[in-house]
Amino acid sequence: MKQHRLAFVGVGGIADVHYLSVRSMPERAQLVAVCDSRLEAVQRRAKEWQVPGYTSFEKLLDEVEVDAVCLFLPHHLHAEFVEISAQHGKAVFLEKPIAGTLEHAQEIVEVVARYGMTLLVGNNGLFHPASERTVEFVRRGWLGRPLSGRGISAGWVTFSSWDFRLKKHDTGGGCWIDAGGHLVYLLREALGEADYVTGITANLSRREMEGEDHGLAVIRYKSGAVAELLVSYAQKFPGYRYAWPRNNTQKLEIYGDRGAIQYAALPEPCVKYFSELPEAMPEDWQGWLVYRPPEPFTAETTTVSSQQGLSTYEFGLNETRPRVGFVFQDVRLHGPRGQPKRMEITVRARATMPRRCSRRQQPARHQAIFTSSRP
Ligand SMILES: NC(=O)c1ccc[n+]([C@@H]2O[C@H](COP(=O)([O-])OP(=O)(O)OC[C@H]3O[C@@H](n4cnc5c(N)ncnc54)[C@H](O)[C@@H]3O)[C@@H](O)[C@H]2O)c1
């Protein structure tokens, strides 16, 4: 198996998580260079991670032999950096969301098609064992016919003075574009495509943010199921002053005509489920069945989902120019000033694995077998 040479572009918060992922699979991936426009940050990381550091992405690409670049950048830079990567023949792992605007997202789709490049958007929630089981439960029909869903991603996000999330232009909005996507793509995996979406955004207390600190969406799926999603960066609860993930809640509930599943990713991953169908629950079982993923989802350890996501991506690179998968999802809120906003969810392509993958080779999320476990 080839060891792939990766460069990190952007060495802010999420780069630390991915660094742990890369470190955990040394036979398959190696970090060979880092780039950041903040000189002090790139020097610190280069020294700590023992790799050359650059403030110019193009200089890095000219000087270092790299198989793939991992873009951990503010959203307004995604399209530009994907295009530069494509021009240099590099594969891309792009942190979510695909972009901050629909136009940029479409540019990325076009670049990927034009260059035939390998690109994966890091929708890491898809790879977490807890969400894999949630989706699997629904897809196996153990809820019966899905009727409704509810998602919440809320908490208190602490911003550095230079945080791009403060600027509407750099983020593409506010909390919704930054955090709402996780709920949207997870529900889409479980319930299919949406056919009607509406929503409201508001900035109620985080005046330091130019964009919204609350985003609320109501979705109807083609199947007829309905869902409500709430994203907030202004919720206070015990522990909100702590660092991520204790300052955050991420939950999803799906109800069907034969059962229910409640999934929490943060702060403690846990899946609770109930079904009337005998194949899903032990016959005499009363109450919820509970599944707890093997590893905690903490800031100190590698997150399971990032590790799985990156290794799925890396797995794809081992194929000869595969279509590793292109998980595309974009959510936009727009409307005249002062008017209710309309929300559009656009899906351009779905993740696909190369057809010739044997089942054994396929990444964990395609193998997921749902097994019930008692609490
Ligand atoms: N999957 C997840 O759960 C998750 C979590 C956090 C962040 N993210 C995503 O990761 C990306 C980065 O987020 P973050 O939290 O690490 O942000 P961050 O602000 O901590 O880091 C971004 C880095 O990019 C650097 N940068 C800015 N302009 C640059 C340029 N022109 N050239 C090179 N470097 C430049 C900044 O100096 C900073 O170090 C975003 O797309 C975000 O949505 C995903």
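Let's start with the sheet: six strands form an open sheet in the order β3-β2-β1-β4-β5-β6, and their pairing is parallel. Two strands count as paired if DSSP finds at least two bridges between them, and the strands (E, at least two residues) and helices (H or I, at least four) are DSSP runs numbered from the N terminus. At the edges stand β3 (53–54) and β6 (119–122), each with a single partner strand, so one side of each is left without a neighbour in the sheet.

Please keep in mind that this is a predicted model, in which local features need pLDDT of at least 70 and side-chain atom pairs count only at pLDDT 80 or more, while totals for chains, interfaces and linings use all residues. Residue numbers run from 1 along each chain as its sequence is written.

Back in the sheet, strand β1 (residues 4–9) pairs with strand β4 (residues 68–71) in the parallel sense over four bridges. Here Ala-7 stands opposite Val-69 in β4. Helix α4 (residues 78–87) packs on the sheet and touches β1, β4, β5 (91–95) and β6, its direction making about 165° with that of β5. Contact means that C-beta atoms, placed from the backbone, lie within 7 Å. Angles run from 0 to 180 degrees between N-to-C directions, and axes are lines fitted to C-alpha atoms, for helices over the stretch in contact.

Helix α4 also packs with helix α5 (residues 102–115), at an angle of about 10° and with the axes 9 Å apart. That makes α4 roughly parallel to α5, a label for angles under 35 degrees. His-78, Ala-79, Val-82, Glu-83 and Ala-86 of α4 meet His-104, Glu-107, Ile-108, Val-111 and Tyr-115 of α5. These contact residues divide into six nonpolar, two polar and two charged; Ala, Val, Leu, Ile, Met, Phe, Trp, Tyr, Cys and Pro count as nonpolar, Asp, Glu, Lys and Arg as charged, and the others, Gly among them, as polar.

Now for the ligand. Domain 1 (4–124 + 304–328) and domain 2 (126–301) both give residues to the shell around the ligand, so it lies between them; the domain bounds come from an automatic or database assignment. Of the 24 residues around the ligand, Gly-10, Gly-12, Gly-13, Ile-14 and Glu-95 come nearest, where being near requires a C-beta atom, placed from the backbone, within 6 Å. Helix α1 (residues 13–23) gives the largest share of the shell, three residues. By class, the shell has 11 nonpolar, seven polar and six charged residues.

Methods
Two residues are in contact if their C-beta atoms, placed from the backbone, lie within 7 Å. Angles under 35 degrees count as roughly parallel, over 145 as roughly antiparallel, 65 to 115 as roughly perpendicular and the rest as oblique.
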